[in-house]
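This report covers a few local features of one model: a charged pair, a surface patch and a loop residue. Please read it alongside the sequence and the structure shown below.

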Amino acid sequence: PTWKDRIIGDYKYGRFCTPRWNPWKNTDDQDPLPFYGRDASLAWLVAAVLGFQHSLAVVAGTIIPGVLIGQLDPSGDAGPYLVSYA
């Protein structure tokens, strides 16, 4: 493969950032989302985009439960403690 294939690849990058559900578009003409196997060779840009998306999900999944549980405390003192504990 060429360097362009290794760095950029020939992916539809708009599919990474746009929602799949669109009420104004016919779903029959949409391409299925790509599936990347365990040992698939990814372009560097695809790996960076998917890695950034994963890191955002990890941060949100760590902080949001502490915020939501902390809001159940009527005094409001538990929220910052639960977030810092996470």
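D39 has a relative accessible area of 69%, and because the cut-off for exposed is over 50%, D39 counts as exposed. The model is a predicted one.

D39 forms a salt bridge with R38, and the closest N and O atoms of the pair are 3.9 Å apart. The structure holds one salt bridge.

A nonpolar patch lies on the surface, formed by W3, I7, I8, W44 and L45. Together these residues have about 530 Å² of accessible area. Helix 1 (3-7) and helix 3 are the elements that give two or more residues to the nonpolar patch. I7 counts as partly exposed, with a relative accessibility of 35%.

L42 is found in the loop between helix 2 (14-17) and helix 3 (44-70). Its relative accessibility is 29%, so L42 counts as partly exposed. Leaving out residues up to four places away in sequence, L42 touches R6, Y11 and Y36. L42 and I8 are 34 residues apart in sequence, while their C-alpha atoms are 9.2 Å apart in space.

The accessibility values are collected here.

| Residue | Relative accessibility | Class |
|---|---|---|
| D39 | 69% | exposed |
| I7 | 35% | partly exposed |
| L42 | 29% | partly exposed |

How values were computed. Residues are numbered from 1 along each chain as its sequence is written. This is a predicted model: local features need pLDDT of at least 70, side-chain atom pairs count only at pLDDT 80 or more; totals for chains, interfaces and linings use all residues. Side-chain values use heavy atoms; hydrogens and water are left out. Helices (H or I, at least four residues) and strands (E, at least two) are DSSP runs, numbered from the N terminus. Buried means under 20% relative accessible area, exposed over 50%, partly exposed in between (1.4 Å probe, protein chains only). Contact means heavy atoms within 4.5 Å. Patches are made of residues with over 30% relative accessible area and no salt bridge: like charges are joined within 9 Å, nonpolar side chains (Val, Leu, Ile, Met, Phe, Trp, Tyr) within 5 Å. Accessible areas come from the Shrake-Rupley method with a 1.4 Å probe; for residues, only the protein chains shown count as cover. A salt bridge is a side-chain nitrogen of Lys or Arg within 4 Å of a carboxyl oxygen of Asp or Glu.
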